[in-house]
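Dear colleague,

I am passing on the structure that we spoke of, and I would be glad if you could read it alongside the notes below.

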Amino acid sequence: NVRFHEDAITHVEALSASIVAEGLLQPLVLHPVPEGADWALQPTKGKSKSEPKPASYGIFAGGRRYRAIRLAIERKDLPEDFPIAASVRDLSDGEIRLLSLSENLLRRDLEEYEVHAAIAAAIEDGLSEAEIAGQLGQTLSWVRQQRRLGDLHPPILKAYREGAIDLDQAQAFAATKDKDLQTAAWAHFAGKSHFERRPASIRAYYRVGDHEQAKLLRFVGEEAYRAAGGAFELDLFASDVQQRGRVGDEEILKRLVEVELQRIRAGVRE
(Lines give C-alpha, C1' and ligand atoms only; values in the text may rest on other atoms or scores of the structure.)
Protein backbone atom coordinates (compact mmCIF):
# COMPACT_ATOMS: atom_id res chain seq x y z
CA ASN A 1 0.00 0.00 0.00
CA VAL A 2 1.45 3.35 -1.01
CA ARG A 3 -0.03 5.16 1.98
CA PHE A 4 2.31 5.53 4.97
CA HIS A 5 1.19 8.81 6.57
CA GLU A 6 0.61 7.64 10.16
CA ASP A 7 -2.45 9.76 10.95
CA ALA A 8 -4.25 8.71 7.79
CA ILE A 9 -3.46 5.06 8.47
CA THR A 10 -4.50 4.93 12.12
CA HIS A 11 -7.43 7.37 12.32
CA VAL A 12 -10.27 5.18 11.08
CA GLU A 13 -12.98 5.85 13.71
CA ALA A 14 -15.36 7.54 11.25
CA LEU A 15 -14.80 4.86 8.63
CA SER A 16 -15.35 2.16 11.25
CA ALA A 17 -18.68 3.71 12.30
CA SER A 18 -19.74 3.92 8.64
CA ILE A 19 -19.02 0.22 8.03
CA VAL A 20 -20.95 -0.73 11.19
CA ALA A 21 -23.93 1.32 10.01
CA GLU A 22 -23.86 0.70 6.26
CA GLY A 23 -21.77 -2.45 5.81
CA LEU A 24 -18.66 -2.81 3.64
CA LEU A 25 -19.66 -1.04 0.42
CA GLN A 26 -16.40 -1.57 -1.47
CA PRO A 27 -14.51 -4.90 -1.37
CA LEU A 28 -10.82 -5.19 -0.51
CA VAL A 29 -8.30 -6.11 -3.20
CA LEU A 30 -5.62 -8.59 -2.12
CA HIS A 31 -2.43 -10.06 -3.49
CA PRO A 32 -0.63 -13.30 -2.51
CA VAL A 33 2.29 -12.73 -0.14
CA PRO A 34 5.68 -13.82 -1.56
CA GLU A 35 7.28 -16.70 0.31
CA GLY A 36 9.63 -15.52 3.06
CA ALA A 37 8.32 -11.93 3.20
CA ASP A 38 9.31 -10.65 6.67
CA TRP A 39 6.90 -7.71 6.45
CA ALA A 40 3.95 -10.14 6.39
CA LEU A 41 4.72 -11.88 9.70
CA GLN A 42 1.67 -11.89 11.96
CA PRO A 43 2.25 -11.15 15.69
CA THR A 44 1.83 -14.10 18.03
CA LYS A 45 -1.04 -13.91 20.50
CA GLY A 46 -1.08 -14.81 24.17
CA LYS A 47 1.79 -16.82 25.62
CA SER A 48 2.36 -19.06 22.62
CA LYS A 49 6.03 -19.62 21.88
CA SER A 50 5.39 -20.72 18.29
CA GLU A 51 7.05 -18.78 15.51
CA PRO A 52 4.80 -16.21 13.81
CA LYS A 53 3.63 -17.32 10.37
CA PRO A 54 3.37 -14.97 7.41
CA ALA A 55 -0.05 -13.86 6.29
CA SER A 56 -1.33 -15.54 3.13
CA TYR A 57 -2.39 -12.25 1.54
CA GLY A 58 -1.52 -8.58 1.62
CA ILE A 59 -3.95 -5.71 0.98
CA PHE A 60 -3.05 -3.15 -1.67
CA ALA A 61 -6.51 -1.56 -1.93
CA GLY A 62 -8.54 -1.24 1.26
CA GLY A 63 -6.00 -1.24 4.08
CA ARG A 64 -7.90 1.45 6.02
CA ARG A 65 -11.19 -0.41 5.50
CA TYR A 66 -9.59 -3.53 6.95
CA ARG A 67 -8.27 -1.63 9.99
CA ALA A 68 -11.69 0.00 10.45
CA ILE A 69 -13.33 -3.44 10.54
CA ARG A 70 -10.76 -4.70 13.06
CA LEU A 71 -11.45 -1.67 15.24
CA ALA A 72 -15.20 -2.37 15.13
CA ILE A 73 -14.60 -6.02 16.07
CA GLU A 74 -12.33 -5.01 18.98
CA ARG A 75 -15.11 -2.71 20.21
CA LYS A 76 -17.63 -5.55 19.70
CA ASP A 77 -19.61 -3.42 17.24
CA LEU A 78 -19.17 -6.22 14.70
CA PRO A 79 -18.97 -10.02 15.22
CA GLU A 80 -15.58 -11.71 15.02
CA ASP A 81 -16.72 -13.66 11.95
CA PHE A 82 -17.84 -10.55 10.05
CA PRO A 83 -17.48 -11.47 6.34
CA ILE A 84 -15.14 -9.24 4.32
CA ALA A 85 -15.70 -9.15 0.57
CA ALA A 86 -12.40 -9.28 -1.32
CA SER A 87 -10.90 -10.11 -4.69
CA VAL A 88 -7.39 -11.45 -5.31
CA ARG A 89 -5.00 -10.16 -8.00
CA ASP A 90 -1.69 -11.93 -8.63
CA LEU A 91 0.50 -9.07 -9.85
CA SER A 92 4.14 -7.96 -9.74
CA ASP A 93 5.32 -5.64 -6.96
CA GLY A 94 5.44 -2.69 -9.36
CA GLU A 95 1.90 -3.33 -10.65
CA ILE A 96 0.57 -3.69 -7.10
CA ARG A 97 2.16 -0.40 -6.07
CA LEU A 98 0.80 1.35 -9.15
CA LEU A 99 -2.77 0.10 -8.61
CA SER A 100 -2.63 1.21 -4.97
CA LEU A 101 -1.42 4.63 -6.10
CA SER A 102 -4.09 4.87 -8.81
CA GLU A 103 -6.89 4.09 -6.35
CA ASN A 104 -5.71 6.67 -3.84
CA LEU A 105 -5.04 9.33 -6.48
CA LEU A 106 -8.65 9.08 -7.61
CA ARG A 107 -9.79 9.75 -4.04
CA ARG A 108 -7.30 12.67 -3.80
CA ASP A 109 -6.43 11.91 -0.18
CA LEU A 110 -2.76 10.97 -0.43
CA GLU A 111 0.02 13.13 0.94
CA GLU A 112 2.19 14.52 -1.87
CA TYR A 113 5.31 12.76 -0.57
CA GLU A 114 3.44 9.42 -0.64
CA VAL A 115 2.86 9.93 -4.38
CA HIS A 116 6.55 10.78 -4.95
CA ALA A 117 7.71 7.71 -3.02
CA ALA A 118 5.26 5.38 -4.80
CA ILE A 119 6.37 6.52 -8.27
CA ALA A 120 10.06 6.15 -7.40
CA ALA A 121 9.45 2.70 -5.89
CA ALA A 122 7.36 1.52 -8.87
CA ILE A 123 10.24 2.43 -11.22
CA GLU A 124 12.67 0.63 -8.91
CA ASP A 125 10.31 -2.39 -9.14
CA GLY A 126 10.84 -2.46 -12.91
CA LEU A 127 8.08 -0.32 -14.42
CA SER A 128 9.06 2.30 -17.00
CA GLU A 129 8.15 5.98 -16.76
CA ALA A 130 6.02 5.59 -19.91
CA GLU A 131 4.10 2.63 -18.44
CA ILE A 132 3.34 4.57 -15.26
CA ALA A 133 2.25 7.65 -17.20
CA GLY A 134 -0.07 5.57 -19.36
CA GLN A 135 -1.66 3.63 -16.49
CA LEU A 136 -2.20 6.72 -14.32
CA GLY A 137 -3.31 8.97 -17.18
CA GLN A 138 -0.52 11.45 -16.44
CA THR A 139 2.15 13.10 -18.58
CA LEU A 140 5.69 11.77 -18.81
CA SER A 141 7.04 15.03 -17.36
CA TRP A 142 4.76 14.65 -14.29
CA VAL A 143 6.04 11.11 -13.70
CA ARG A 144 9.65 12.29 -14.00
CA GLN A 145 9.03 15.07 -11.49
CA GLN A 146 7.45 12.65 -9.00
CA ARG A 147 10.32 10.22 -9.44
CA ARG A 148 12.93 12.93 -8.88
CA LEU A 149 11.23 14.01 -5.63
CA GLY A 150 10.85 10.41 -4.45
CA ASP A 151 14.58 9.84 -5.06
CA LEU A 152 15.73 12.86 -3.02
CA HIS A 153 18.68 12.56 -0.62
CA PRO A 154 17.05 10.79 2.40
CA PRO A 155 17.56 13.61 4.96
CA ILE A 156 15.99 16.11 2.52
CA LEU A 157 13.05 13.77 1.90
CA LYS A 158 12.64 13.27 5.65
CA ALA A 159 12.60 17.05 6.23
CA TYR A 160 9.96 17.39 3.51
CA ARG A 161 7.76 14.67 5.02
CA GLU A 162 8.01 16.25 8.46
CA GLY A 163 7.18 19.74 7.17
CA ALA A 164 10.61 21.27 7.83
CA ILE A 165 10.78 22.28 4.15
CA ASP A 166 7.88 22.88 1.77
CA LEU A 167 7.22 21.53 -1.74
CA ASP A 168 8.89 24.48 -3.49
CA GLN A 169 12.06 23.96 -1.46
CA ALA A 170 11.98 20.21 -2.07
CA GLN A 171 11.66 20.84 -5.81
CA ALA A 172 14.64 23.21 -5.66
CA PHE A 173 16.74 20.53 -3.92
CA ALA A 174 15.57 18.11 -6.65
CA ALA A 175 16.74 20.45 -9.42
CA THR A 176 19.64 18.01 -9.84
CA LYS A 177 19.68 14.24 -9.61
CA ASP A 178 23.32 14.32 -8.46
CA LYS A 179 23.12 12.80 -4.96
CA ASP A 180 26.56 14.10 -3.96
CA LEU A 181 25.48 17.62 -4.85
CA GLN A 182 22.17 17.17 -2.99
CA THR A 183 24.12 15.95 0.05
CA ALA A 184 26.43 18.97 -0.06
CA ALA A 185 23.47 21.34 -0.52
CA TRP A 186 21.63 19.88 2.48
CA ALA A 187 24.77 20.17 4.62
CA HIS A 188 24.93 23.84 3.59
CA PHE A 189 21.25 24.72 4.08
CA ALA A 190 20.04 22.36 6.85
CA GLY A 191 20.91 24.69 9.71
CA LYS A 192 19.69 27.86 8.03
CA SER A 193 16.37 29.64 8.53
CA HIS A 194 13.37 29.05 6.28
CA PHE A 195 14.00 32.42 4.60
CA GLU A 196 17.63 31.52 3.86
CA ARG A 197 16.45 28.24 2.28
CA ARG A 198 14.52 30.01 -0.48
CA PRO A 199 14.22 27.96 -3.69
CA ALA A 200 16.18 30.62 -5.59
CA SER A 201 19.06 30.34 -3.10
CA ILE A 202 19.11 26.55 -3.38
CA ARG A 203 19.18 26.72 -7.19
CA ALA A 204 21.90 29.36 -7.03
CA TYR A 205 23.97 26.95 -4.91
CA TYR A 206 23.62 24.36 -7.67
CA ARG A 207 24.31 27.09 -10.27
CA VAL A 208 21.09 26.21 -12.07
CA GLY A 209 20.54 28.81 -14.82
CA ASP A 210 23.88 30.43 -13.97
CA HIS A 211 24.27 33.42 -16.31
CA GLU A 212 28.06 33.16 -16.65
CA GLN A 213 28.00 29.44 -17.43
CA ALA A 214 25.15 29.92 -19.91
CA LYS A 215 27.17 32.61 -21.69
CA LEU A 216 30.25 30.36 -21.93
CA LEU A 217 28.10 27.44 -23.15
CA ARG A 218 26.73 29.61 -25.96
CA PHE A 219 30.30 30.67 -26.77
CA VAL A 220 31.61 27.13 -27.30
CA GLY A 221 28.31 25.59 -28.47
CA GLU A 222 26.23 23.02 -26.61
CA GLU A 223 26.95 20.32 -29.21
CA ALA A 224 30.71 20.74 -28.83
CA TYR A 225 30.35 20.65 -25.04
CA ARG A 226 28.30 17.44 -25.13
CA ALA A 227 30.64 15.86 -27.70
CA ALA A 228 33.53 16.46 -25.28
CA GLY A 229 31.68 14.50 -22.60
CA GLY A 230 30.07 17.42 -20.81
CA ALA A 231 26.74 16.90 -19.06
CA PHE A 232 23.96 19.47 -19.21
CA GLU A 233 21.11 18.80 -16.78
CA LEU A 234 17.63 20.32 -16.93
CA ASP A 235 15.83 21.46 -13.81
CA LEU A 236 12.55 19.54 -14.09
CA PHE A 237 10.70 22.08 -11.93
CA ALA A 238 11.86 25.49 -13.18
CA SER A 239 9.09 27.52 -14.79
CA ASP A 240 11.35 29.74 -16.90
CA VAL A 241 12.76 27.77 -19.83
CA GLN A 242 15.77 30.09 -19.98
CA GLN A 243 16.71 29.32 -16.37
CA ARG A 244 16.47 25.54 -16.42
CA GLY A 245 19.98 24.36 -17.25
CA ARG A 246 22.90 23.29 -15.06
CA VAL A 247 26.35 22.68 -16.46
CA GLY A 248 27.54 19.47 -14.89
CA ASP A 249 31.19 19.55 -15.98
CA GLU A 250 32.60 23.02 -15.50
CA GLU A 251 36.20 21.94 -16.13
CA ILE A 252 35.29 20.61 -19.58
CA LEU A 253 33.49 23.88 -20.35
CA LYS A 254 36.48 25.96 -19.25
CA ARG A 255 38.84 23.83 -21.35
CA LEU A 256 36.65 24.26 -24.44
CA VAL A 257 36.46 28.01 -23.83
CA GLU A 258 40.26 28.23 -23.73
CA VAL A 259 40.57 26.17 -26.92
CA GLU A 260 38.11 28.45 -28.69
CA LEU A 261 39.89 31.57 -27.41
CA GLN A 262 43.22 30.23 -28.67
CA ARG A 263 41.66 29.65 -32.10
CA ILE A 264 40.34 33.21 -32.15
CA ARG A 265 43.72 34.63 -31.01
CA ALA A 266 45.50 32.70 -33.73
CA GLY A 267 43.08 34.12 -36.32
CA VAL A 268 43.59 37.67 -35.04
CA ARG A 269 47.41 37.32 -35.19
CA GLU A 270 47.22 35.94 -38.67
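This is a predicted model: local features need pLDDT of at least 70, side-chain atom pairs count only at pLDDT 80 or more; totals for chains, interfaces and linings use all residues.

Three strands make up an open sheet of mixed pairing, in the order β2-β1-β3. The edge strands, each pairing on one side only, are β2 and β3, and from one strand to the next the twist averages 40 degrees. Strand β1, which covers residues 28–32, is mostly covered, since four of its five residues are buried. On one side, β1 runs antiparallel to strand β2 (residues 57–61), to which four bridges join it; among the partners, Val-29 has Ala-61 as its bridge partner in β2, while the partner of Pro-32 in β2 is Tyr-57. With strand β3 (residues 86–88), β1 pairs in the parallel sense over three bridges, and Leu-30 stands opposite Val-88 in β3.

**Helix α5**

Helix α5 holds the 13 residues 112–124, which at 1.5 Å a residue should span 18 Å, and the computed distance of 19 Å between its end C-alpha atoms agrees with this. This helix is mostly covered, ten of its 13 residues being buried; among the buried residues are Tyr-113, Glu-114 and His-116, as well as Val-115, Ile-119 and Ile-123, and the alanines Ala-118, Ala-120, Ala-121 and Ala-122 also belong to the buried set. After α5 comes Gly-126, whose phi is positive, near 115 degrees.

**Salt bridges**

A search of the whole structure finds 13 salt bridges, of which I describe a few here. Glu-129 and Arg-147 form one of them, with their closest N and O atoms 2.9 Å apart. Because Glu-129 lies in helix α6 (residues 129–136) and Arg-147 in helix α7 (residues 140–150), this pair ties together parts that are 18 residues apart in sequence. Glu-129 has a relative accessibility of 18% and therefore counts as buried, the cut-off being under 20%, whereas Arg-147 is partly exposed at 31%. The two residues also belong to a network of salt bridges that links Glu-129, Arg-144, Arg-147 and Asp-151.

Glu-250 takes part in two of the salt bridges described here, one with Arg-207 and one with Lys-254. The side chains of Arg-207 and Glu-250 meet at 3.0 Å, N to O. Arg-207 is in the loop between α11 and α12 and Glu-250 is in helix α14, so this pair ties together parts that are 43 residues apart in sequence. Both ends are partly exposed, Arg-207 with a relative accessible area of 28% and Glu-250 with a relative accessible area of 28%. In the salt bridge between Lys-254 and Glu-250, the closest N and O atoms are 3.9 Å apart, and a pair within 4 Å is counted. Lys-254 and Glu-250 are four residues apart in helix α14, and so are separated by about one helical turn. In general, an α-helix has 3.6 residues a turn, so residues three or four places apart point the same way. Lys-254 itself counts as partly exposed, at 45% relative accessibility.

Which residues other than glycine have a positive phi? Lys-76 is one, with a phi of about 65 degrees, and Arg-207 is another, with a phi near 65 degrees. Lys-76 is found in the loop between α3 (63–74) and β3, and with a relative accessible area of 71% this residue is exposed. Arg-207, already mentioned for its salt bridge with Glu-250, lies in the loop between α11 (199–206) and α12 (211–220).

**Surface**

Phe-219, Ile-264 and Val-268 make a nonpolar surface patch of about 260 Å². Of these residues, Ile-264 is found in helix α14, which spans residues 250–269, and is partly exposed, with a relative accessible area of 35%.

Elsewhere, Ala-187 has its place in helix α10 (residues 179–189) and is exposed, with a relative accessible area of 65%. The C-alpha atoms of Ala-187 and Pro-155 are separated by 9.8 Å, the two residues being 32 residues apart along the chain.

With best regards

How values were computed. Residues are numbered from 1 along each chain as its sequence is written. Side-chain values use heavy atoms; hydrogens and water are left out. Helices (H or I, at least four residues) and strands (E, at least two) are DSSP runs, numbered from the N terminus. The expected span of a helix is 1.5 Å times one less than its number of residues. Buried means under 20% relative accessible area, exposed over 50%, partly exposed in between (1.4 Å probe, protein chains only). Patches are made of residues with over 30% relative accessible area and no salt bridge: like charges are joined within 9 Å, nonpolar side chains (Val, Leu, Ile, Met, Phe, Trp, Tyr) within 5 Å. Accessible areas come from the Shrake-Rupley method with a 1.4 Å probe; for residues, only the protein chains shown count as cover. Two strands pair if DSSP finds at least two bridges between them. Axes are lines fitted to C-alpha atoms, for helices over the stretch in contact, and angles run from 0 to 180 degrees between N-to-C directions.
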